[in-house]
Amino acid sequence: MKRKQKNAGNKTTVRLIRFAAALIIVIAALIGYQFTHRKSEKAVTVIELDAAHGGDNSGFQGLVSEDEFCEKVTDALQALLEKDPSFQAERTHEAGTAMNAEDRLAKIRSDHPDLVLSIRCSWSPDASARGMHLYENLPDSPCHEKSAAAADIIRDVFAEDGTVTPTAGYLYYQPIRSDRYQEVLVDEGDTSDHGTDTLPLLQDSSCPTVVSAHLYVSSQEDADAWNTEAGIQKAAELYYEALCRMYKQ
């Protein structure tokens, strides 16, 4: 009788050990899945694309139409990002539409991107003025360091291509009178407090932001270099290369 009880007790112990082992395996598998799933989620870099103007707001007009050019470059860049599983592309507003700064900032906050890249154009009464300017979050911004790093990489990629040598720095609004202001570009080496505002997208963004004034709509050289199907695709590819260099190396 005692032997039977002992055998029954041994069987119960073996069952408990097997159950505990199976439970440990299941828990380990769940933890491994969650860890892998979270790691894979973290590996996706969210890029928020912002095309200047759109809809009824056409922006600067000249040899190039600002809204059309910015939208085409943004579309081409979005297509490249969407082919790459390392990236998730978001837009502040749909193609062919306009959105004010406040609503674009709200969209950015809801998307939680790693970087905002806004593409716009410049204009000058001087037809010889040309080139590309990259504007960073101001030096006192908590996003400044990553914004500056992104701007520097974009500058380097475009400079290596040789079509243009961009400048990188800060854009300030210099008041002229109560309802007028002048945009002033300051080199990124000048981190002093200029006591004026910058673009809302740079000043009030909750994440690193780079605004790329890609070309002058008043420049024939810029129009010839970029405002063609090949030029637009090339611009998108260079932005994409810069994003890969920043987030995939």
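**Notes on a predicted fold**

1. Let's start at His112, which sits in the loop between α3 (101–111) and β3 (115–122); helices here are DSSP runs of H or I with at least four residues, strands are E runs of at least two, and both are numbered from the N terminus. His112 is not a glycine, yet its phi is positive, at about 50°. With a relative accessible area of 64%, His112 is exposed (over 50%; buried is under 20%, partly exposed in between, with a 1.4 Å probe and protein chains only).

2. A word on what you are looking at: the model is predicted, with local features needing pLDDT of at least 70 and side-chain atom pairs pLDDT 80 or more, while totals for chains, interfaces and linings use all residues. Residues are numbered from 1 along each chain as its sequence is written, and side-chain values use heavy atoms, without hydrogens or water.

3. Now for the overall plan. The protein chain contains 7 helices and 7 strands. Following the sequence, their order is α-β-α-β-α-β-β-α-β-β-α-β-α-α. The chain has 249 residues, and 41% of them count as buried.

4. Helix α7 (residues 229–247) packs with helix α4 (residues 144–161) at an angle of about 130°, the two axes lying 9 Å apart. This angle makes α4 oblique to α7, as it is not under 35 degrees (roughly parallel), over 145 (roughly antiparallel) or 65 to 115 (roughly perpendicular). Among the α4 residues that meet α7 are Ala149, Ala150, Ile153, Ile154, Val157 and Phe158. On the α7 side, the partners include Ala235, Leu238, Tyr239, Ala242 and Met246. By class, this contact holds 11 nonpolar, no polar and 6 charged residues; Asp, Glu, Lys and Arg are the charged class, Ala, Val, Leu, Ile, Met, Phe, Trp, Tyr, Cys and Pro the nonpolar one, and the others, Gly among them, are polar.

5. Which other helix packs with α7? It is helix α2 (residues 66–82), at an angle of about 50° and with the axes 8 Å apart; axes are fitted to C-alpha atoms over the stretch in contact, and angles between N-to-C directions run from 0 to 180 degrees. The pair α2 and α7 is therefore oblique too. Phe69, Val73, Ala76, Leu77, Leu80 and Leu81 are among the α2 residues involved, and they face a set in α7 that includes Ile232, Ala236, Tyr239, Tyr240 and Leu243. The contact of α2 with α7 has 12 nonpolar, 1 polar and 2 charged residues.

6. Tyr239 of α7 takes part in the contact with α4 and in the contact with α2. Tyr239 also links to Ser212 through a side-chain polar contact of 2.6 Å (N or O atoms within 3.5 Å, one able to donate a hydrogen and the other to accept it). Ser212 lies in strand β7 (residues 209–216). Is Ser212 buried or exposed? Ser212 counts as buried, at 0% relative accessibility. Beyond four places away in sequence, Ser212 touches Leu117, Ser118, Ile119, Arg120, Met132, His133, Leu134 and Tyr239.

7. Last, look at Asn227, in the loop between α6 (220–226) and α7. Asn227 is partly exposed, with a relative accessible area of 32%. Asn227 and Val73 are 154 residues apart along the chain, and 9.7 Å separates their C-alpha atoms. Residues touched by Asn227 include Leu63, Val64, Phe69 and Ile232.

Methods
Contact means heavy atoms within 4.5 Å.
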